[in-house]
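Trainee: I am new to this structure. Please take me through one part of it closely.

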Amino acid sequence: GLLSETVQYSVVLGSISRKARYMNMEFKEETLSQERCYEGIIVNVRRDRARLMDGRVTNREVVEHRGGVAVFAMDSQQRVALVRQYRYPMGEETLELPAGKLEQGEQPRDSALRELAEETGLVPQTLESMGCSYSSPGILSERIYLYFAKDLTQGPPRPDDGEFVETVWVPYPELLEMVRRGEIQDGKTLAGILKASFLLDAPRK
């Protein structure tokens with residue numbers, strides 16, 4: 001009836017009003033305190049107290065990570081190099097772009113060249129930045145820097161001690177089909193393929 005419609009209208013207006021309050025505001029939270037809960041080899045974990053935009057105070061749990069790189073490497077036959085490996089946390093084998101974490105003080109470009117050579121033995125003459133991807137920004141500080149590598153020279157792989165990987169060459173059209181079929185599930189790999197597709201499918205000038 002009329003009363004029900006009035007209540008619904010008021011609820012909608014109230015929702016719009018709350019959203020409008022934040023439309024022109026800077027979205028930012030103030031860190032009040034930090035507590036280190038765990039220190040590991042790859043990640044650290046901390047618990048923060050943060051002030052929200054409306055003044056309330058809440059907890060924020062953050063997994064600290066130095067960051068990493070992922071490389072979309074394509075050869076002259078339009079094949080893309082993937083790495084097959086076992087991922088312990090997922091309990092399964094994955095296909096991913098060659099990737100790895102930044103070493104202390106290492107620049108992303110240097111890391112990309114190093115990881116590509118270590119995992120696949122590939123050395124590119126051309127390495128183009130494709131920006132970066134946030135792995136899981138709700139809890140994780142990791143940034144993955146994405147690169148497009150081409151004009152490749154094949155050398156011997158030099159995997160890290162305890163790293164067991166295999167290079168798999170996949171034609172680019174088939175790689176897109178694998179993504180469509182859900183056979184590629186790694187986030188940084190999906191982001192790298194998407195970014196590379198913008199470069200590959202761009203109109204030639």
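Trainee: Which residue stands opposite G100 in β7?

Mentor: V69 stands opposite G100. First, some ground rules. The model is predicted: local features need pLDDT of at least 70, side-chain atom pairs count only at pLDDT 80 or more, and totals for chains, interfaces and linings use all residues. Residues are numbered from 1 along each chain as its sequence is written, and side-chain values use heavy atoms, with hydrogens and water left out.

Now the strands. Strands here are DSSP runs (E, at least two residues), and helices are runs of H or I with at least four, numbered from the N terminus. β4 and β7 run antiparallel, joined by 3 bridges. Two strands pair if DSSP finds at least two bridges between them. Both belong to an open sheet of 4 strands, in the order β7-β4-β9-β8, with mixed pairing. β7 (99-101) and β8 (122-134) are its edge strands, each pairing on one side only. On average, neighbouring strands of this sheet are turned by 25° against each other, direction ignored. For such angles, axes are lines fitted to C-alpha atoms, for helices over the stretch in contact, and angles run from 0 to 180 degrees between N-to-C directions.

Next, the core. In soluble globular proteins, nonpolar side chains tend to be buried together. A nonpolar core is a set of buried Ala, Val, Leu, Ile, Met, Phe, Trp, Tyr and Cys residues joined through side-chain atoms within 4.5 Å. Buried means under 20% relative accessible area, exposed over 50%, and partly exposed in between (1.4 Å probe, protein chains only). The largest core has 22 residues, and F72, M74, V80, L82, F148 and L175 touch the most other members. At least two residues each come from β4 (68-73), β5, β9 (143-154), β10 (166-171), α3 (172-180) and α4 (187-200). α4 gives the most, with 4 residues. Another core lies apart from this one; it has 11 residues, among them V71, A81, A112 and L127.

Look at F72 itself. Beyond its neighbours within four places in sequence, F72 has contacts (heavy atoms within 4.5 Å) that include V80, F148, L175 and I193.

Then turn to Q85. Q85 is found in strand β5 (residues 79-87). Q85 counts as buried because its relative accessible area is 9%. Not counting residues up to four places away in sequence, Q85 touches E92, E93, T94, E96, F164 and V165.

Last, the cysteines. C37 is partly exposed, at 41% relative accessibility. C132 is partly exposed too, at 35%. A disulfide needs a pair of cysteine sulfur atoms within 2.5 Å; the count is 0.
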